[in-house]
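Q: Please take a close look at a single part of this structure and describe its packing in detail. Then set that part against other local features of the chain.

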Amino acid sequence: PSMARPGTGAMLASGGLGFPPQNLARVVVWEWLNEHGRWRPYSAAVCHHIENVLKEDARGSVVLGQVDVQLAPYVIDLQSMHQFRQDTGTMRPVRRNFYDPSSAPGKGIVWEWENDNNSWTPYDMDICITIQNAYEKQHPWLDLSSLGFCYLIYFSSMSQMNRQTQRKRRLRRRMDLAYPLTMGSIPKSQSWPVGSSTGTPCSCAQCLLVNSTRAASNAILASQRRKLYPGTVRQSSTFAGAALWPVGPGPGPVAGGTAKDEGLRVPSGMFAPSQNVASGAPLPGLNNLNQPGTQRATGISARATVPPGVPALPVKNLNGTGPVHPALAGMTGILLCAAGLPVCLTRAPKPILHPPPVSKSDIKPVPGVSGICRKTKKKHLRKSKTPEDVVRRYIQKVKNPPDEDCTICMERLVTSSGYEGVLSQKGIKPELVGKLGKCGHMYHLLCLLAMYNNGNKDGSLQCPTCKAIYGEKTGTQPPGKMEFHLIPHSLPGYTDSKTIRIIYDIPTGIQGPEHPNPGKKFTARGFPRHCYLPDNEKGRKVLKLLIVAWDRRLIFTIGTSNTTGESDTVVWNEIHHKTEFGSNLTGHGYPDPNYLDNVLAELLAQGVSEANLKD
């Protein structure tokens, strides 16, 4: 069959508030940039909401929670073209993208894939358009490698297959609200806050908060600047506009010069002007966020006089000598007014990752746990266990299967397996159906065989529906070393106990046949990795089970890092560890009263339970 080519639906990617040519209709899709550098589309309903606000005020703010409750923490500032998360302070770029009205977003067609949580995730918009184009042309399949993804789309089974791992996922096509149409340039901006068509401001609690804090922050900041720099400040109607920074030449550093290690403190909402800007040159506003400016904030010493009772506000990555984004001023104004107090900006506290130094004589074995070190190498499948033997071991044949889907191939159980012709196995007919013994879920035998062949081939099966494990599940963890011992320090929340320290060390190497890219080098970042457990009864039980999981190669795997986006690297494998010794700033530390119970549940999900512990 012929191969579908990528669609040409994308017309314009605008870093700012772009607009299509005059008298040319285009579909508008608003998108945000995720941590992997991919533009993810907002839903059609959210895009309509953003466009409605945009028509009223191109410099305003869009409260996404008004249209989607799951997006309640998020606000888009149209002037800076950034999404701001109010509870964490995270900012992400957004863009206004245009597509042909005849493409998928113009018709309200959404293509989605099923993730590991059994919920549905929409494809990136360019991929969605490409899939829809191939679907309309009745192509039987589609190769996404030209778009940078190693997936094949099969329309007959409505599935997506990873070309490297052969893993299949379901996909679906659904109808939704069509994305908004626009023609010509956007309307001129109006003053903020934005009202409805009748001119009445929105009265929801979130908008009232944003409106009031925005106006109050402008007034306070403008007042401070007038006192510091008479005649040089003009007031802005937006909370994140250029006027949040003083215009014109500034005095020298305030109260002690540039702060290096003590953090930046800004009493009473005051911001020092740039020392690097020429006299009289205005500083760029937030509408230039996509083009980093040359402005720098002059550091103010932590020893500056701060009024008693003023709260200190930690700001991530705030450096006294580095560039400080103008958005910081707007965010500070909002927080300042919401609290009703002036705010001092200080360096965010750093996590305490490691305990104080421990001498070798103070390191002891863990009571009740034999040894202090485990090494792993790849285990090979016994030759006597063929894939067919493994599958037949755990299933019972079903003579009259129900008329429902096989969730592996997505074909009906009463018909032949979708792997007919793809996988041939003597003795297994494509129409045979089996039922797993424990959970009772039914699949084509050929589908179970294909699933087993695409896995670790370790003699175990895992039900793809309920995740029940048959046999002893093992993983794809590369060779390495696990050390564990007792140190004479206590974890937060466990002051009466010493601490179990686990040290994992995995070197770089070459991927094996069970890994995503056999024969290719894999990286191992951040090793050795130190993890911590309290030395109590439950902590020692967790350690014993982690040792079992390590021996079964379940602690780590090779994949793509959620943190850096790097592929072919060693990553955690769904068993959470505490890597922060003396704090819990990252969520990977203590105190965490539920952690031990949670990790026991995660181990159980991998087939590791107390029944596996040897007396």
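A: The axes of helix α6 (residues 387–394) and helix α7 (residues 445–453) come within 10 Å and cross at roughly 125°. The model is predicted, and local features are reported only at pLDDT of at least 70, side-chain atom pairs only at pLDDT 80 or more, whereas totals for chains, interfaces and linings use all residues. Numbering starts from 1 along each chain as its sequence is written, and side-chain values rest on heavy atoms, with hydrogens and water left out.

Helices (H or I, at least four residues) and strands (E, at least two) are DSSP runs numbered from the N terminus. Axes are lines fitted to C-alpha atoms, for helices over the stretch in contact, with angles from 0 to 180 degrees between N-to-C directions. Angles under 35 degrees count as roughly parallel, over 145 as roughly antiparallel, 65 to 115 as roughly perpendicular and the rest as oblique; α6 and α7 are therefore oblique to each other. The crossing of α6 and α7 is right-handed, a term for a near helix turned clockwise from the far one by less than a right angle, anticlockwise being left-handed.

Contact means heavy atoms within 4.5 Å. On the α6 side the contacting residues are P387, E388, V390, V391 and R392, and they meet L445, L448, L449, Y452 and N453 in α7. An α-helix has 3.6 residues a turn, so residues three or four places apart point the same way.

Residues are buried under 20% relative accessible area, exposed over 50% and partly exposed in between (1.4 Å probe, protein chains only). In α7, 7 of the 9 residues are buried, so this helix is largely enclosed by the rest of the structure. The buried residues are L445, L446, C447, L448, L449, A450 and Y452. Their cover includes α6 as well as the strands β18 (395–398), β19 (433–436), β20 (442–444) and β21 (461–462). Across the protein, 45% of the 615 residues count as buried.

Of the contacts with a separation of 6 or more, 65% join residues 24 or more positions apart.

Aromatic rings provide one view of such packing. A pair of aromatic rings is described by the distance of the centres and the angle of the planes. Rings of Phe, Tyr and Trp (its six-membered ring) pair if their centres lie within 6.5 Å; planes under 30 degrees apart count as stacked, over 60 as edge-to-face and the rest as tilted. The count by this rule is 12 aromatic pairs. In one of them, the ring centres of Y532 and F581 are 5.2 Å apart with planes at 70°, so the arrangement is edge-to-face. Y532 belongs to strand β27 (residues 529–534) and F581 to the loop between β29 (569–572) and α9 (595–605), so the pair ties together parts that are 49 residues apart in sequence. Y532 is buried at 1% relative accessibility, and F581 is likewise buried at 6%. A single aromatic cluster is formed by Y504, F527, W550, F556 and W572.

F527 also takes part in a cis peptide bond to P528, with omega near 0°; P528 lies in the loop between β26 and β27. Another cis bond joins Y590 and P591, with omega about 5°, and P591 is in the loop between β29 and α9.

Charges may also sit over rings, which requires NZ of Lys or CZ of Arg within 6 Å of the ring centre and within 35 degrees of the ring normal. K438 lies over the face of Y470, 5.2 Å from the ring centre, and K168 lies over the face of Y154, also at 5.2 Å.

L144, in the loop between β10 (141–143) and β11 (151–154), is buried with a relative accessible area of 1%. Leaving aside residues up to four places away in sequence, L144 touches I127, F149, Y151 and I153. P513, in the loop between β25 (509–510) and β26 (521–522), is exposed at 66%.
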